[in-house]
Amino acid sequence: MIGDSLSQGLISGTVSGADRGWPVWLAKALAAPDPQDPGWPTPLWPAGGLPVDLEAVFHRLESLARARRPDVWLAATAQVNDVLDQAETHYERGPGSTRRDRPGQWADDPPWWPNVASFGFMVADAWQVTPGLCQQLIGADRGLLSDGFLSGPSRPFHRSALRMLNPRLDAALDDHSQVVWLARHAEERGIRRVVCWLGANNAIAAASHLSIRPTPGEAGRDLAGLDHLARAARGWTVWSPADFAADYATLADHLEAAMRRNRDPHWRVYLGTLPHLTSAALLRGVGGRRVVEGVHHPEAWTWFPFGESFVADGGPHLCRDQGLFLDATIDAYNATIRHTARVLNAGLARPRWIVVETGAALDGAAWTRTGGRPRVALPRALRARTGPLDGRFFHAAPARRNGRRVARGGLVSLDGLHPTVIGHGLLADLFLQAMRTQGQAPPGAGIDWPAVVAADRLWTDPPRSLHLIRALRRLSGVILLTARALHHRAPGPTSTPRP
């Protein structure tokens, strides 16, 4: 599995939900009684994981949800800071530290994970980000760390990548990027199914920052010569289609080279397409709507839960033309992904490079983009347990009606960007269907929907404090902090960015 946060299994802003992400549900559906099968291990992320566990934050605010205290904002801030402090202590100075002389929890990890996806990864990070680079950057921060207020662990991007790429901190594996791991497993073990889903982070910062700073995208200004640090230093929030295409072509070269040495002759590579940024629940449309090619575009976009008055007062936002620009950019990215598959399949008796339209599935769940008429095909076994679900920002009341929880949304977790456990289950089902058409799924393989619903803590035990997001809009800063931390790649010493 090569990818970013969607494939790592992020839920509500933290990697600690990875054991309930869609790759795990897919692996369980594909499982066969094979004594050689090592299973699908996933790392454990104590202390809330990285970068911020928003479910833990809002559960900590339960006692404030019913309080009518004049200092409720100060009390809420103290609770949030306590959650962040626990993670900061664990991953910077405690057993979750990345220092080789303090292996801590890392000593029990296997030498490698079958899923090397990590949050924040752009296309080029698949070959540019290595454990050695992560160690270098984390180590450069160590002398500058302090227990800051509302500050989580430093460099969450690089800490996550390091653990996914080199679980035991083995110096001999410091050059093992995502594509190096792929090539090694293909040659040594053989791989039947490869999922590569990258590209969303080449544009998502435009949404989390509400700022469009594109790469040059000009002839003669190729980004190939810029490494991970040089790219991060430029502060770009969206890759131009030309620069994205160049990076994706390099990624395709790495994938093809690995597959040429694959010991398993029946391999397939599944390439996921990307959702439009205007589908994200983190963004809220304000003002009059205009329908452009069947898609509803508001006058402006800003962060949830802010609205028209926030925009009118000069708050950060994207105008309609900028939203259309970003939509066109994602369209170009997806055209590149589909073109890549066609080129790689040319001359083959049967296609081996399979495009999975994950982007269209996620777009169909969006609320504003579809004009309040989301198109979500729920399996019968799931719908019977939940009723209708969509991609609005999550809200669920503790009361039930006719045995069902009264809910809004249900597919997007509290960070406004990543799926709930149920949403991850639907993504697993989408990939399972693609593998079934390729004859790569066992007969009768299916997603265990009762287990998925039972594992979705937002559904089974939603925080009663979610209304505080609207009542205390400054609390939405915690969500923005998380969204930015998931894509923060500053080249110099840093701590978790604040909104």
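Which residues in H2 meet which residues in H17? In this predicted model, Trp22, Trp25, Leu26, Ala29 and Leu30 in H2 meet Val421, His424, Gly425, Leu427, Ala428, Phe431, Leu432 and Met435 in H17, where contact means heavy atoms within 4.5 Å. Residues are numbered from 1 along each chain as its sequence is written, and side-chain values use heavy atoms, with hydrogens and water left out. Because the model is predicted, local features need pLDDT of at least 70 and side-chain atom pairs count only at pLDDT 80 or more, whereas totals for chains, interfaces and linings use all residues.

By class, the contact of H2 with H17 has eleven nonpolar, two polar and no charged residues; Ala, Val, Leu, Ile, Met, Phe, Trp, Tyr, Cys and Pro count as nonpolar, Asp, Glu, Lys and Arg as charged, and the others, Gly among them, as polar. Two packed helices are described by the angle between their axes and the distance between the axes. For H2 and H17 the angle is about 45° and the axes are 8 Å apart, the axes being lines fitted to C-alpha atoms, for helices over the stretch in contact, with angles that run from 0 to 180 degrees between N-to-C directions. H2 and H17 are therefore oblique to each other, given that angles under 35 degrees count as roughly parallel, over 145 as roughly antiparallel, 65 to 115 as roughly perpendicular and the rest as oblique. H2 passes H17 in a right-handed crossing; a crossing is right-handed if the near helix is turned clockwise from the far one by less than a right angle, and left-handed if anticlockwise. Helices (H or I, at least four residues) and strands (E, at least two) are DSSP runs, numbered from the N terminus.

Grid points are joined across faces, edges and corners, and a volume is the space filled by probe spheres set on the points. The second largest pocket holds about 720 Å³ of space and is lined by 35 residues, of which Ala361, Leu362, Asp363, Ala365 and Leu427 lie nearest its centre. Helices H1 (5-8), H15 (358-365) and H17 (421-437) are the elements that give two or more residues to this lining, and the largest share, six residues, comes from H17. By class, the lining has 21 nonpolar, ten polar and four charged residues. A search of the whole structure finds one cavity of 30 Å³ or more. About 60 Å³ of space lies in the largest cavity, which is lined by Gln8, Ala18, Pro23, Val24, Trp40, Thr42, Pro43, Asn115 and Met164.

Most residues other than glycine have a negative phi, and most peptide bonds are trans. Ala47, in the loop between H2 and H3, has a positive phi of about 55° although it is not a glycine. Pro51 is found in the loop between H2 (22-30) and H3 (54-60), and a cis peptide bond with omega of about -15° joins Leu50 and Pro51. The peptide bond from Phe304 to Pro305 is also cis, with omega near 5°, and Pro305 lies in the loop between strand S7 (300-303) and helix H13 (308-312).

Methods. 1 Å grid on protein atoms, 1.4 Å probe; cavity = no way out; pocket = protein on both sides within 12 Å on 5 of 7 lines; lining within 4 Å.
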